[in-house]
Amino acid sequence: MTVSSVELTRAALERIKQVEDRVKAYVTVDEAGALAQAAEADRRLKAKENVTPLTGLPIAVKDNMCTKGLRTTCSSKILADYLPPYDATVVTKLKAAGAVILGKTNLDEFAMGSSTENSAFQATRNPWDTGTVPGGSSGGSAAAVAAGEAVMATGSDTGGSIRQPASFCGVVGLKPTYGRVSRYGLVAFASSLDQIGPLTKDVTGAAQMLNVIAGHDPLDSTSADRPVPDYTRALVNDVKKLKIGLVRELMGDGISPEVKAAVKKAADALAGLGAELVEVSLPSLEYAIATYYLIAPAEASSNLARFDGVKYGHRNKEAKDLLTMYYETRREGFGPEVKRRIMIGTYALSAGYYDAYYLKALKVRTLIKRDFEKAFERCDVLVSPTSPTVAFRVGEKAADPLAMYLSDIATIPVNLAGLPALSLPCGFSGRLPIGLQMIGRAFAEETLLRAAFTYEQNTAWHQQSAPL
Amino acid sequence: MKIDVEHVARLARLGLTETEKKLFGEQLSAILDYADNLKKLDTESVPPTSHAVAMSNVYREDKVIPCADVEPIMANAPDEANHMFRVPRIIE
């Protein structure tokens with residue numbers, strides 16, 4: 001029996017109506033648009049016209065990726081009514097593949113945060129326990145997939161924003177190599193770190209979506225001009241001959257005992273399946289958070305200068321002169337975390353402090369990158385926890401920005417080095433999912449997918465569903 | 001680390017309330033104290049990395065292509081006149 005896209009899309013929209021008041025994953029649901037796209041997908045399926053594994057699948061798009069004529073807010077007041085005049089390249093590609101876009105998912109404002117509490121509109125909740133956060137910044141996308149409100153979703157990852165919510169919500173999240181996926185139409189946060197990737201129920205879904213969204217784009221000059229393999233061919237249940245390195249610095253005191261035990265068990269399981277398991281050290285890792293929280297805000301302070309109330313977005317209407325208009329527009333439009341990061345970045349780039357902070361951070365970034373290069377001389381894949389803990393309580397870290405930043409220790413170094421990495425479920429602490437991070441060499445997404453697929457085929461974590 | 005919050009906010013064209021000035025002053029100091037950890041590392045002979053994946057200049061053909069429709073762009077303008085963005089008076 002086959003199900004039509006219209007039926008599948010209606011079921012997803014129905015599910016959204018059932019659970020959305022508890023999960024709050026979506027900023028915008030486009031019911032009419034989704035049903036029209038579904039009808040078109042059904043026509044394509046019937047005519048066997050350009051059918052892909054994504055044709056007819058109802059998916060969600062993180063609300064920092066432009067969708068032509070469909071509100072794109074970045075979960076910020078400053079863009080609350082923004083209607084993009086164009087589609088992001090990933091959206092163009094997903095539409096061309098026949099995917100049905102259900103709506104736009106919530107995020108930490110401008111993707112700055114690790115809990116999706118920094119949204120100007122609503123705090124998304126974790127479907128496994130609605131008293132906890134879904135992670136962030138792609139918390140809306142991860143929660144939507146975990147709650148069955150979308151079959152798959154796009155996320156963006158600057159310091160862990162795909163992988164950490166995937167970990168908290170018990171789904172698969174893949175951050176591709178920097179440059180693998182076009183950033184055209186992704187509202188920029190930190191341009192040297194941002195990368196778009198899939199959030200899916202399983203590793204197969206991740207490979208299928210990556211097949212659609214990967215590739216060179218003349219509209220993003222940092223996108224990599226190299227061929228895109230068929231990633232689903234990497235879905236092989238075999239890790240023999242793979243050398244897997246367990247990262248010593250990410251199995252220490254700062255990691256909760258339950259998470260550590262689950263990750264150790266997963267690494268042992270991979271060894272049991274034929275991989276060679278070794279321990280590796282990344283000594284510069286302890287400097288990664290400080291490095292990231294100078295570089296990312298510096299880039300953000302420059303990227304967010306465009307929100308000035310002139311061309312689009314919110315404007316303070318009372319101001320009588322231009323400078324006051326800038327000050328007041330940005331005071332009213334940005335939330336506290338965005339302001340905080342603009343301030344850090346502006347400071348790190350300002351006269352007298354550039355060398356001591358920004359340039360210093362760029363040099364330490366080199367050291368972190370070299371650590372990974374050295375580890376990958378010995379290993380094909382590195383494994384670690386995705387996050388030091390399972391999902392934390394709503395409000396628990398909201399008042400202490402530094403404590404929130406420190407929880408990104410396992411994911412941030414990967415963005416600094418530009419490498420591909422994914423998170424997949426590897427256990428539970430109570431009823432909350434634990435995520436296993438796998439890191440690969442640049443452009444070695446296939447090795448990563450193979451290792452993840454093998455682990456998934458030999459465990460049953462991904463078959464569990466959030467009890468909503 | 002004591003930072004001049006008002007000066008930084010001016011550089012960033014960011015209006016802040018008195019409460020925010022005080023809060024950010026404390027929080028930024030804590031974050032920058034943490035960032036001072038980097039000073040422990042000797043990076044004298046280390047080159048900076050601004051992009052993780054090495055790239056050289058990317059060129060394309062200098063070709064005229066159609067511009068996006070003007071109407072949907074201007075529809076987002078907070079204030080416009082005759083397809084131009086209007087801003088408060090700059091020159092006296």
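The model is a predicted one, and every value given here is computed from it.

Buried residues make up 63% of the 468 residues of chain A. Among contacts with a separation of 6 or more, 76% link residues 24 or more positions apart.

The 11 strands of chain A come together in an open sheet of mixed pairing, and their order across it is β1-β3-β2-β4-β6-β5-β10-β11-β9-β7-β8. Strands β1 (26-29) and β8 (276-280) of chain A each have a single partner strand, so each of these edge strands has one side without a neighbour in the sheet. On average, and ignoring direction, neighbouring strands are turned by 30° against each other. Helix α1 of chain A, residues 5-23, packs on this sheet, where it touches β1, β2 and β3 of chain A, and its direction makes about 20° with that of β3(A).

Towards the β8 end of the strand order, β7(A), residues 243-247, runs parallel to β8(A), and five bridges join the two strands. One of the paired positions is A:Val247, whose bridge partner in β8(A) is A:Val280. Helix α7 of chain A, residues 257-272, also packs on the sheet; the strands it touches are β7, β8, β9 (381-385), β10 (421-429) and β11 (432-440) of chain A, and its direction makes about 115° with that of β10(A).

With β3(A), residues 100-105, β2(A) pairs in the parallel sense over five bridges. The path from β2(A) to β3(A) goes through helix α3 of chain A, residues 89-96, as a right-handed β-α-β crossover. With β4(A), residues 152-157, the pairing of β2(A) is again in the parallel sense, here over two bridges. A:Ala60 takes part in both pairings: A:Gly103 stands opposite A:Ala60 in β3(A), and A:Ala153 is the bridge partner of A:Ala60 in β4(A).

Helix α4(A), residues 139-146, is mostly covered, with eight of its eight residues buried. Its buried residues include A:Gly139, A:Gly140, A:Ser141 and A:Val145. Just after this helix, A:Gly148 adopts a positive phi of about 75°. The other site, A:Gly427, lies in strand β10 of chain A. Setting aside neighbours within four places in sequence, A:Gly427 is in contact with A:Ala262, A:Ile434 and A:Trp461. Between the C-alpha atoms of A:Gly427 and A:Leu199, 228 residues apart along the chain, the separation is 18 Å.

Chain B presents another picture. Its secondary structure comprises three helices and two strands, which follow the pattern α-α-α-β-β along the sequence. The radius of gyration of chain B is 23 Å, whereas a compact globule of 92 residues would have one near 12 Å. The C-alpha trace of chain B spans about 55 × 45 × 25 Å along its principal axes, and 15% of the 92 residues in chain B are buried.

The contact between the chains involves 46 residues from chain B and 56 residues from chain A. On the chain B side, the elements that give two or more residues are α1 (5-11), α2 (18-35) and α3 (70-74) of chain B. The largest share of this side comes from α2(B), with eight residues. Sorted by class, the side of chain B that touches chain A has 32 nonpolar, eight polar and six charged residues.

Key. Residues numbered from 1 in each chain as written. Chains lettered and ligands numbered in written order. Predicted model: local features only at pLDDT ≥ 70, side-chain atom pairs only at ≥ 80, totals over all residues. Buried ≥ 20, exposed ≤ 12 C-beta atoms within 10 Å, placed from the backbone. Contact = placed C-beta atoms within 7 Å. Pairing = 2+ DSSP bridges. Helix = DSSP H or I, 4+ residues; strand = E, 2+ residues; numbered from the N terminus. Right-handed = clockwise from strand over helix to strand, strands pointing away. Axes fitted to C-alpha atoms, helices over the stretch in contact; angles between N-to-C directions. Nonpolar A, V, L, I, M, F, W, Y, C, P; charged D, E, K, R; others polar. Rg over C-alpha atoms; globule rule 2.2 N^0.38 Å.
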